[in-house]
Amino acid sequence: MKKILGLILTVFILLTGFPGEAVYAEDYSDSEYWDNYCAGYKSDAGNTERYQACTSYNAYKINNSKNTISNLQDHLNELKNDLAAAQKALNEYVASIEQLQVEIDALNADIGELEVKIEELAKEIAVKEAEVEVLNNRVIDRMAAAQSTMHFNPYLDFLLGAANFEDMLRRGYGLDAIMESDEQMRNELKDTIDSLEKDKATLNADKELLDAQKSAVESKQQEIVVLRNFQADIIEKTNADIDATLSNLEEEYQNYSNLVNSSDFDGLPNDEGFIRPIPGASISAGVWHYPASFGGGIHLGVDYAVSKGTTIVAPATGVVIIAANGCGDGWLGNTCGYQYGGEIYGGNQLYLIVSAGGSIYGVIFCHLLLNSITVSEGDIVVQGQSIAKVGSSGNSTGPHSHVELFYLGEGDLADIPDYLNNNYTKSFNCGWGSTALRRLCENGVGAPCRLNPASYL
C-alpha cells in the first residue's frame, strides 16, 4: 500500500482542484493529425492561430489523461475497499477454521474414547458368549440325562422307590431342589443371553456413532481445505487486480507527465526576470501582517487592488498546476475556494511553477473573477500571456488579487518537470499561519521559502 500512497501523493498536486469537464470546439478524434500539426508548436509562442489551436489540443490531451487517472484512482479505491472487505471475510474464515479445528480435536478425542469403549465391550461380549455356551451345554446335558431314563417318569420312579414315607419326603425335597436348580440355570442362561444381546446392540450403535464422527471429521477437514484455498485465491486475485490497476495508473501518469517535460519548453526563451502580473494595480496590503487598520493579523502575500475584470498576465514562463474556479463574489469571512481544489478563503485561484533569472518559483493568485481563468492544469504559459482576471471571490471585500511568491530552487525552464515531482502541498511545503513565518527566505531559510512579491513582481 505504500507504493499506492506514494503514487497518489506524486500526482496529487497535478490532479487537485480540477474544476470540471472542459468543452472543446475542435474535433480531436484524429490524434495523429493533431500530434503532427502541433509538433514544436511552442516555438510559435504568442497569439498565432496554430499556437492557440495547439494550446487547446494540449489541454484536451491533459484533460483526457487526468480523467483516465481519476477513473483509475476511483477503481483503485474500490479495489482497496474490496480488499479490506475480503480481508475482513478472511478473518472470519480464519476464525471458522480455528473453530472447526477445535471441533475436530473434540471429535477425535471422542473417537478415541469410543474406540476404547468398543474394544472393552467386544471383550465383555466374548466372555458372555463363552458363559452362554457353558450354561447352554449344562442345560442340554441335564435334558439328555433326563431323557435317557424316561421309560415312565423318572421323578415318579424315584419317589416310589422310597423305603418309607420319611424317605419319600426326603426324596421329594431333593427333587424340588433339583428342579429349582434347573430353573435357576435356565433363568441365568436367559439373563446372560439378554445382556449379551443388549451389549451387541450397544456395540452396533457405538460403531455407527464412530463412523458418523469419523465422517464429520473428514467433512470438516475438507471444509478447512476449501476455506484455506478460498483465502489464498481471493487475496491473490484481489492483489493481482490492484497490481494491474496500479500499473495502468502509473502508465497513465507517465503519459500525463510526458505532456509537461523539458521538450515542451524547447524554443521558448528563459526569462531574465519577472514582469508585473497586474499592470496599474496598487498595493492595499503587504506582507507579513495586515496593517493595524486591518486588524494586524498574519498576511502571507501582497494584495494588488485594481478594478474588477483587469487582466492578469503570467509573470514568467512556466506551467499551471492548479486552476480552481467556481466561486462568485465573496465577502469578509467567505470560505469559498477549497471546494474547487484551491485553499479555503481564496476564492477562484491559480497556482503556477515558473522560471525566471535562473531560479524556479511558485506563484499563487487568489480572489479571481468567476469563469475568467483562461488556462488549465498542465498548460504551459508564456510570460505576458493572459491567464485570468481580477475579481473579489472568497474572503474579499473588494476587487483585488492576493498574490504569494515562493522560491523553490535553482534552474531554468528545462528543470521545471523535475520540480513537478516534488510532492508540493498548496503552500509549496511552506505551511500557513505562524508556521509560514518560519519559512521566510529573508530570514536565511533555504528553498522552499516565501518571498515578498512586492520585491520581485
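This section describes salt bridges, aromatic pairs, surface patches, backbone features and selected residue contacts in a predicted model.

Two salt bridges are counted in the structure. In one of them, the side chains of Lys308 and Asp329 meet with an N to O distance of 2.7 Å. Lys308 belongs to the loop between strand S4 (302-305) and strand S5 (311-313), while Asp329 belongs to the loop between S6 and S7, so that this pair ties together parts lying 21 residues apart in sequence. Both partners fall in the intermediate class of accessibility: Lys308 is partly exposed, at a relative accessible area of 42%, and Asp329 is likewise partly exposed, at 47%.

The salt bridge between Glu404 and Arg450 has its closest N and O atoms 2.8 Å apart. Because Glu404 is located in strand S11 (residues 400-410) and Arg450 in strand S12, the pair ties together parts that are 46 residues apart in sequence. Glu404 has a relative accessibility of 5% and therefore counts as buried, the limit for that class being under 20%. Arg450 also counts as buried, with a relative accessibility of 1%.

Nine aromatic pairs are found in a search of the whole structure. Among them, Tyr28 and Trp34 adopt an edge-to-face arrangement, with 4.9 Å from centre to centre and 75° between the planes. For Tyr33 and Trp34, the ring centres are 5.6 Å apart and the planes stand at 80°, so this pair is also edge-to-face. Ring pairs join Tyr28, Tyr33, Trp34 and Tyr37 into a cluster. Tyr33, by contrast, is partly exposed, with a relative accessible area of 44%.

Two surface patches are described next. A patch of negative charge on the surface gathers Glu26, Asp27, Asp30, Glu32 and Glu49. Of these residues, Glu26 is placed in the loop between helix H1 (2-15) and helix H2 (31-37). Its relative accessibility of 45% puts Glu26 in the partly exposed class. A nonpolar patch on the surface is formed by Tyr338, Ile344 and Tyr345, which together have about 290 Å² of accessible area. Tyr345 is situated in the loop between strand S6 (317-324) and S7, and is partly exposed, with a relative accessible area of 38%.

Val287 and Trp288 are joined by a cis peptide bond with omega of about -5°; Trp288 is part of strand S2 (residues 288-289). A cis peptide bond also joins Ala447 and Pro448, again with omega of about -5°. Pro448 is located in the loop between H7 and S12.

Positive phi values occur in two asparagine residues considered here, Asn371 and Asn429. In Asn371, a residue other than glycine, phi is near 65°. Asn371 is found in the loop between strand S8 (359-368) and strand S9 (380-381), and counts as exposed at 60% relative accessibility. Asn429 is not a glycine either, yet has a positive phi of about 65°. The position of Asn429 is in the loop between helix H6 (416-420) and H7, where the residue is partly exposed, with a relative accessible area of 36%.

Separations in sequence and in space were also compared for selected residues. Ser355 and Leu413 are 58 residues apart in sequence, whereas their C-alpha atoms are 5.7 Å apart in space. Ser355 is in strand S7 (residues 348-356) and is buried, with a relative accessible area of 1%. For Glu442 and Asn452, a separation of 10 residues in sequence accompanies a C-alpha to C-alpha distance of 8.7 Å. Glu442 lies in the loop between helix H7 (433-436) and strand S12 (449-451). At 55% relative accessibility, Glu442 counts as exposed.

Technical notes: Residues numbered from 1 in each chain as written. Predicted model: local features only at pLDDT ≥ 70, side-chain atom pairs only at ≥ 80, totals over all residues. Heavy atoms only, no water. Patch = residues over 30% accessible without salt bridge, like charges linked within 9 Å, V, L, I, M, F, W, Y side chains within 5 Å. Areas by Shrake-Rupley, 256 points an atom, 1.4 Å probe, with all protein chains shown as cover. Salt bridge = Lys/Arg side-chain N within 4 Å of Asp/Glu carboxyl O. Lys, Arg positive; Asp, Glu negative; His and termini not counted. Charge placed at Lys NZ, Arg CZ, Asp CG, Glu CD. Helix = DSSP H or I, 4+ residues; strand = E, 2+ residues; numbered from the N terminus. Buried < 20%, exposed > 50% of the residue type's maximum accessible area, 1.4 Å probe, protein only. Phe/Tyr/Trp six-rings, centres within 6.5 Å; stacked < 30°, edge-to-face > 60°.
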